[in-house]
Amino acid sequence: MKRLILPFLLASVICFAQEAPGAESSEPGMIWKVVNFAILAAFLGYLLVKNLPPFFISRTASIQKEITEAQKLKKESEERAAAILKRVSTLAADIEAFRVQAHSEMEREGQRIRDEAVIHIQKLNTQAQSEIESAGKTARRELRAYAADLALDLAGQRIRTRLDAGTEAGLVDRFVGDLQRQESKN
C-alpha cells in the first residue's frame, strides 16, 4: 500500500501543474509540456512496473493461500457433515435396537421376578405346611394326653364305685401273692 502512495502523489502534482488562465499557448511551451509529460509518464511507468508486480504477486499468493485454506475447510466440513449424516441415519436403527434390547431385558427381569415369587411362595407353602403339621402333632399329643387323663379319671371313678372293702382286700392279697411267686422264681 505504501508503494502506491508515491505514484498517486505524482499524479496529483500533474493535475495541479496547469498553466495560469489567460496565458497564450505557444509552440515551444507546448514542446516542454509534452517533454514534461513524457518524463512524468516514464517515471510513473517505471514506478508502476517496479511496484505493481510484487504487489500483485503477493496479493495473488495471499488469495491462493486463502483459497487453499477455504478448500481444506470445505473438505473438512463436508467430511464432518457426512459423519453426522451417517450417525443420524444409523440413529433410528440404534434407537430401535435399544428399544428391542430394553423390551427383552424387561421381559427377562419380569420372568426372573415371577420365578423368584414362585420359589418364595413354595417356600412359604412348605413352611406353612410344616407349621400346620407341627401344630397338628402338638394338638394330637395334647388331645391324647387329655383323653388319657380323662380315661384315667373315669377309670378311677369306676373303680372307686365298684371297689368295696372285700374286693380291695382280695386285690391286695392277689398282688402280694404274685410278688411272692416272682421272688421264689428268682
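## Salt bridges and a surface patch

Arginine 112 has a relative accessibility of 37%, so this residue counts as partly exposed (buried means under 20% relative accessible area, exposed over 50%, and partly exposed in between, with a 1.4 Å probe and protein chains only). The model is predicted, so local features need pLDDT of at least 70 and side-chain atom pairs count only at pLDDT 80 or more, while totals for chains, interfaces and linings use all residues. Residues are numbered from 1 along each chain as its sequence is written, and side-chain values use heavy atoms, leaving out hydrogens and water.

Let's look at the charged pairs. Side chains of opposite charge can pair when their charged atoms come close. The structure holds five salt bridges (a side-chain nitrogen of Lys or Arg within 4 Å of a carboxyl oxygen of Asp or Glu), including these:

| Pair | Closest N and O atoms |
|---|---|
| Arginine 99 and glutamate 96 | 3.8 Å |
| Arginine 181 and aspartate 178 | 2.5 Å |

Glutamate 116 and arginine 112 are four residues apart in helix α2, so about one helical turn separates them (helices are DSSP runs of H or I with at least four residues, numbered from the N terminus). A network of salt bridges links Glu109, Arg112 and Glu116. In helix α3 (residues 165–185), arginine 181 and aspartate 178 sit three residues apart, about one turn of the helix.

What about isoleucine 39? Isoleucine 39 belongs to helix α2 (residues 27–162) and is exposed because its relative accessibility is 55%.

Note on methods
Helices (H or I, at least four residues) and strands (E, at least two) are DSSP runs, numbered from the N terminus.
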